[in-house]
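These are my notebook entries on a structure I looked up today. I kept them in the order in which I went through the chains.

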Amino acid sequence: MVREVAESCVESLLTEIVSQYCNGFYANKPDLAARRIEAIGYQVGHQLSERYTMERPRFSDHLEAIKFICKDFWSELFKKQIDNLKTNHRGTFVLQDNKFRWLSRVSVAPSSENTGSIQDPSAMAESKEAQATGMYLYFPCGIIRGALSNLGIPCAVSADISNLPACSFVIRIKA
Amino acid sequence: MGWWDVADLWYGGFGSVKSGIEEEWDGSWDGKWDEIGLNFVAPRSGDAIFASVERVNSELFTLTYGAIVRQLLTDLEEVEEVNKQLDQMGYNIGVRLVDEFLAKSNVSRCVDFKETTEVIAKVGFKMFLGVTASVTNWDADGTSCSLILEDNPLVDFVELPDTCQGLYYCNIISGVIRGALEMVSMKTEVSWVRDMLRGDDVFELHVKLLKQVPEEYPYKDDE
Amino acid sequence: MIVCVAVVGHQNNPLYIQSFTEADDALKLHHIVHCSLDVVDERVNNPKRSGPTLNETFLGLLYPTENYKVYGYLTNTKVKFILVTTDLDVRDADVRNFFRRFHSAYVDAVSNPFHVPGKKITSRTFAERVSGIVKSFGLSSAG
């Protein structure tokens, strides 16, 4: 049987690391805070890719590994697959999740009356909340980078939330 | 006129209305009916709540926590500082989680320290971590006890290196308990007695009630 | 009987090597493991030769010597597992079963937050699990 915990446990940890690193240790150095949060995600992704690839044949190319991230890996984490995968055939892949769980639950809809209403992205961009959201995203970016680099694919990962509640992860594979 | 007051209903139960009254009154009543409200919503069991909340694969949680601990060790260097930081993070989480806990569990605010710790062990742990704790070692005046945890998803795969022997790896849990209790007006001190990562057979947390602020007067100091 | 098992990183750096013999032949066994790594690389880089086992983690028999049989396994994360046995009549299913359990123990060991990727595996739990798996080798049927 798969061992489970309440989703709010993971969300609580995320909220805390973002707040500790951004408001505590590195209050005036957001880039350092971001790097630490990404590093935590990297370790998690590295370990998870080891676990989730256990019972399967080795990937023969980058695309196969990316597809694995979009399907099996994403399903293990979020109980859904990536909704859209694009590539420029030059080593860049865009993975879009139409309703990224950690955005809808962790930060964009706090306990305020806003729950259920559509957030205005342009207003969001100005707010502090958007900064916090950006910080949260270093964690899943780190997870993806950690997972892929453990599969032998060194890359850089960034996130784009100009289209909330959708979130796109951009993977640039290092040549 | 045959009419009984609310007290009869409570004492006699629904099936034991006196026969004489039944014959005298035909059940009609033109006056106002008031809803008494059978507010018997029982507190839900930990299992029931855990089955109903959104859950995730515990590996993600376990590995995320592990990565946080390791990152904190790198950044703070001193094991003692990491212990403090984990406790603080737990405290913040406990303060936030208490509302979710009360809302989902139907537990009305517990007044009694003893009852509260039982609820934390049986319902709180189950609802969030999917495991239950037990409460033992009550002292004579009922102000301190032990929470025993035999199974703890936080430590799956974890082995402490020799360089981290002073680390209370699960210190976030003691912080959560302290924070949650403080939100229901109980100031406590929570400390580790036994730790499976240090070779003990169970995890044991000692919880000591320092001060209970009466709930009726939460803003007393401000008046 | 299994006489040696090893975990080797993707730069052919040893992460774990353990021999299970009374005799003082650790050096010889280490040499055998070392030589087998080239065979693994060759198999993986020339997949045609491995035929139906294309991209399968289990690489099968790497090479037989006079006294030993050497089997290999390559994870998706490019980590090699090597098994050296003195049994000359080994069932394929037993070897596969061994690697499956060994892989599972390995994955748990590297899930320890204090394990540093690419560094030697020092976990006591891992060592105990491996010795259990080695002892039960060939006892259970295919599974």
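What radius of gyration would a compact globule with 143 residues have, and what does chain C have? A compact globule of 143 residues would come near 15 Å, and chain C has 14 Å, so the two agree. I took the radius of gyration over C-alpha atoms, and the globule rule is 2.2 Å times the number of residues to the power 0.38.

**Ground rules**

I noted that this is a predicted model, in which local features need pLDDT of at least 70 and side-chain atom pairs count only at pLDDT 80 or more, while totals for chains, interfaces and linings use all residues. Residues are numbered from 1 along each chain as its sequence is written, and chains are lettered from A and ligands numbered from 1 in the order in which they are written.

For the complex, the predictor gives an ipTM of 0.88 and a pTM of 0.85. The mean pLDDT of chain C (pLDDT being the predictor's confidence in each residue, from 0 to 100) is 87, and 92% of the residues of chain C reach 70 or more.

**Chain C**

I found 3 helices and 5 strands in chain C, in the order β-β-α-β-β-β-α-α from the N terminus on. Here helices (H or I, at least four residues) and strands (E, at least two) are DSSP runs, numbered from the N terminus.

The C-alpha trace of chain C spans about 40 × 35 × 35 Å along its principal axes. Of its 143 residues, 34% count as buried; a residue is buried if 20 or more other C-beta atoms lie within 10 Å of its own, exposed if 12 or fewer, and partly exposed in between, with C-beta atoms placed from the backbone.

I then looked at contacts, where two residues are in contact if their C-beta atoms, placed from the backbone, lie within 7 Å. Among contacts in chain C between residues at least 6 apart in sequence, 52% join residues at least 24 apart.

**Chain B**

In chain B I found 7 helices and 5 strands, which follow the pattern α-α-α-β-α-α-α-β-β-α-β-β along the sequence. Buried residues make up 36% of its 223 residues, and 61% of the contacts between residues at least 6 apart in sequence join residues at least 24 apart.

I checked helix H5 (residues 79-105) of chain B, whose 27 residues should span 39 Å at 1.5 Å a residue, and its end C-alpha atoms are 36 Å apart, which agrees. The expected span is 1.5 Å times one less than the number of residues. H5(B) bends by about 35° at B:Leu97, the bend being the angle between axes fitted to the seven residues ending there and the seven starting there. After H5(B) comes B:Asn106, with a positive phi near 60°.

Next I looked up B:Cys170, in the loop between strand E3 (144-149) and helix H7 (171-183) of chain B. B:Cys170 is buried, because 23 other C-beta atoms lie within 10 Å. Leaving out residues up to four places away in sequence, B:Cys170 touches B:Asn152, B:Leu154, B:Val155 and B:Phe203.

Most residues other than glycine have a negative phi, and most peptide bonds are trans. B:Ser185 sits in the loop between H7 and strand E4 (186-194) of chain B and counts as partly exposed, with 17 C-beta neighbours inside 10 Å.

A:His89, also not a glycine, has a positive phi of about 60°. A:His89 is in the loop between strand E2 (84-87) and strand E3 (92-97) of chain A, and counts as exposed because it has 7 C-beta neighbours inside 10 Å.

A cis peptide bond, with omega about 5°, joins A:Leu164 and A:Pro165. A:Pro165 lies in the loop between strand E4 (155-160) and strand E5 (167-173) of chain A.

**Interfaces**

Between chains B and C, 9 residues of chain B are in contact with 7 residues of chain C.
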